[in-house]
Amino acid sequence: MPTSFCSLFSRYALHFLVQSGISYCIMIIIGVGSMHKYCFIFALGYLTVCQITRVYIFDYGQYSADFSGPMMIITQKITSLAFEIHDGMFRKDEDLTPSQRDLAVRRMPSLLEYVSYTCNFMGILAGPLCSYKDYVAFIEGRSYRGAQPGPGGEEAAPWEQHTDPSPKAAVTQKLLVCVLSLLVHLTVCSVLPVGYNIDEQFRATASWPTRVAYLYISLLAARPKYYFAWTLADAINNAAGFGFRGYDRNGVARWDLVSNLRIQQIEMSTSFKMFLDNWNIQTALWLKRVCYERASFSPTVQTFFLSAIWHGVYPGYYLTFLTGVLMTVAARAMRSNFRQCFLEPPQLKLCYDVLTWSVTQIAVSYTVVPFVLLSVKPSLTFYSSWYYCLHICAILVLLLLPVKKTRRGEMVHGNQHPAPSGKQEERNSSSGWNSTPVMNSVSSVKPEQGQEQGGCRHRWSPQP
């Protein structure tokens, strides 16, 4: 693995050591009081400079092996660790949220521990992100001491477990998902390119139902590459013994501590929030921990902006995330104002679910087209061919529906409540409340020349 890794990235691998090394020096020299800010600025700034160099100087729109992909994961790890050390060694416990208290690091890691966490072979290429405490628990052999339910449903003591759980079943299942996803990607993606949505003849001759259907199907065909990459990354970590999260009520081992997506929930999402909650989960948690929970104003806007910067410097990313802010807030408004009216009877709720599923899938597809097309001109061509209709609808929703201020200053519509803090499934990677914006996390393969306008080789990432 180290040999093939160095062969793949050659001298560019030095960027990983430079970024990690300087960040560690900042942690040691600056001190725990403010080092999280300097580490955040340096790590994200260094990543951005590398992305600008790669995109605008070397190979705009051409996807060869991309060293900035692993750097995106390392940036997440550096900034997460810096905030966790700041929480554990500087801030008072009573000032921390339950999740921050749970993740807080109470002593400065040694250089070996730090490099092992940021550059370990399991996650250097595709991640996904994990917390420092989870990683150390795995290294020290404490991750298997989960509670196993007893015969009556009560939790058994950790020492009653006589054998460590085996990841074989979980790894086999995930590898099968990888094979299926790869086959779908290789056979379907080239037949249904996203770029065809802006084809002149298609726009001139296709009916609106046809265009809506093709938009959904082409973006659906673009997703299996992400399913393949993230599921394979999860399987690699599981095969190494990392990712165990305890047992369910039936005593079955759960290997989803670092899982990055839930395919069924994604494809069956009935709200924008539900889609984002199950897509690139670990990056969503990172955005929540370093930005959303700590933002003093407009946390949703700040989080989307951070996500755009972290993803890269293609203009299409920023168009997607700007649209995403609008869609997220509007979808939240619609759901909070109308959902309670359709819960009973079951037949009415079923009709509501079908309608919201359709609207959600089209809205998500509409939002992420610029993310695939990368450039400004084709992205605006697409939106103008749709007359910016979903942008206009979202703005009308925000203007017409009642709003109120939460205690954090975020605009919430109708009877929507502020997003809760605390653990609330956040430590086990199943946070359902925080619709943090992520599309793809780590880009290692880029579209070949001539495909930058939305063929199946657009910016995909082996780590949202």
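What is the mean pLDDT of the protein chain, and what share of its residues reach 70 or more?

1. A word on confidence to begin with. This is a predicted model. Its protein chain has a mean pLDDT of 83, with 78% of the residues at 70 or more.

2. Two stretches call for a careful eye. Over residues 147-160 the pLDDT stays under 50, and the model has 21 contacts there beyond four places in sequence. Residues 406-426 also stay under 50, and for them the model has 60 such contacts.

3. Now to the second largest cavity, whose volume is about 90 Å³. Its lining is made up of Ser80, Phe83, Glu84, Asp87, Ser99, Gln100, Leu103, Arg289, Val290, Glu293 and Arg294. Sorted by class, that lining has five charged residues, three polar and three nonpolar.

4. In terms of domains, domain 1 (1-143) and domain 3 (262-403) each contribute at least three residues to the lining.

5. While you are looking at helix H4, please find threonine 75, which lies in that helix. Is threonine 75 buried or exposed? Threonine 75 counts as buried because its relative accessibility is 0%, and buried means under 20%. Apart from neighbours within four places in sequence, threonine 75 is in contact with Gln19, Ala43, Leu44, Leu47 and Trp310.

Notes. Residues are numbered from 1 along each chain as its sequence is written. This is a predicted model: local features need pLDDT of at least 70, side-chain atom pairs count only at pLDDT 80 or more; totals for chains, interfaces and linings use all residues. Side-chain values use heavy atoms; hydrogens and water are left out. pLDDT is the predictor's confidence in each residue, from 0 to 100. Contact means heavy atoms within 4.5 Å. On a 1 Å grid over the protein atoms alone, a cavity is a set of points where a 1.4 Å probe fits but cannot get out, and a pocket is an open set with protein on both sides within 12 Å along at least five of seven lines; lining residues have an atom within 4 Å of a point. Grid points are joined across faces, edges and corners, and a volume is the space filled by probe spheres set on the points. Ala, Val, Leu, Ile, Met, Phe, Trp, Tyr, Cys and Pro count as nonpolar, Asp, Glu, Lys and Arg as charged, and the others, Gly among them, as polar. Domain bounds come from an automatic or database domain assignment. Helices (H or I, at least four residues) and strands (E, at least two) are DSSP runs, numbered from the N terminus. Buried means under 20% relative accessible area, exposed over 50%, partly exposed in between (1.4 Å probe, protein chains only).
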